[in-house]
Amino acid sequence: MDLGELHLAHGPAAEAAFGISRDDYAGRTAAELGLPPQYVAATAEIITSAFAQGVEQEASFSIPDGRERNYFSARAVPEFDHDGVPESVLLIVYDISDRM
C-alpha cells in the first residue's frame, strides 16, 4: 500500500478470497475494489497507524458472511525510504475463521 492506500500488488490468496483478479487490484483502494466495509475500515486504520507511527501494527476483525462470520488477523509493516520515512506499508491479512 502506498500513502493513498492504493494496492501496489497482492498475492493469490487475496485473489481467491475476494474473487478480484491481480490486474484489478493494482492502483486501487480497498473501497474502490468493493471490499466489505468492515475490511476497508479495519485495514485503513492499521495502515494509517503504520504510516504515522512508523512501526508494525496488528489488528483482528470479523466480517459477516451470510449467517456466518469470517475472522481475520492483519499486520501492517511500514517500509522506509533512504531517509527513514515510511513510503509504503506491507499489509498481510490472514483468514483465521477456521481457528475460531
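The model is a predicted one, in which local features need pLDDT of at least 70 and side-chain atom pairs count only at pLDDT 80 or more, while totals for chains, interfaces and linings use all residues. Residues are numbered from 1 along each chain as its sequence is written, and side-chain values use heavy atoms, with hydrogens and water left out.

E1 and E2 run antiparallel and are joined by nine bridges. Strands here are DSSP runs (E, at least two residues), as are helices (H or I, at least four), numbered from the N terminus; two strands pair if DSSP finds at least two bridges between them. Three strands make up an open sheet, ordered E1-E2-E3 with antiparallel pairing. Its edges are E1 and strand E3 (86-95), each of which pairs on one side only. From one strand to the next, the twist averages 25 degrees. Helix H3 packs on this sheet and touches E1, E2 and E3 (contact means heavy atoms within 4.5 Å), its direction making about 170 degrees with that of E1. Such angles run from 0 to 180 degrees between N-to-C directions, with axes fitted to C-alpha atoms, for helices over the stretch in contact.

What does a search of the whole structure find in the way of aromatic pairs? There are two aromatic pairs. Tyr 39 and Phe 61 have ring centres 5.9 Å apart and planes at 75 degrees, so this pair is edge-to-face. Because Tyr 39 belongs to helix H3 (residues 37-53) and Phe 61 to strand E1 (residues 57-65), the pair ties together parts 22 residues apart in sequence. The rings of Phe 61 and Phe 72, with centres 5.5 Å apart and planes at 20 degrees, are therefore stacked. This pair links strand E1 with strand E2 (residues 68-80), so it ties together parts eleven residues apart in sequence. Rings of Phe, Tyr and Trp (its six-membered ring) pair if their centres lie within 6.5 Å; planes under 30 degrees apart count as stacked, over 60 as edge-to-face and the rest as tilted.

Tyr 39, Phe 61 and Phe 72 form one aromatic cluster. Tyr 39 is buried, Phe 61 is buried at a relative accessible area of 12%, and Phe 72 is buried at 9%. Buried means under 20% relative accessible area, exposed over 50% and partly exposed in between (1.4 Å probe, protein chains only).

Strand E3 also holds Ser 88, which is buried with a relative accessible area of 9%. The side chains of Ser 88 and Glu 79 are joined by a polar contact of 2.6 Å. A polar contact is a pair of N or O atoms within 3.5 Å; within protein, one must be able to donate a hydrogen and the other to accept it, and residues adjacent in sequence count only if both atoms are side-chain atoms.
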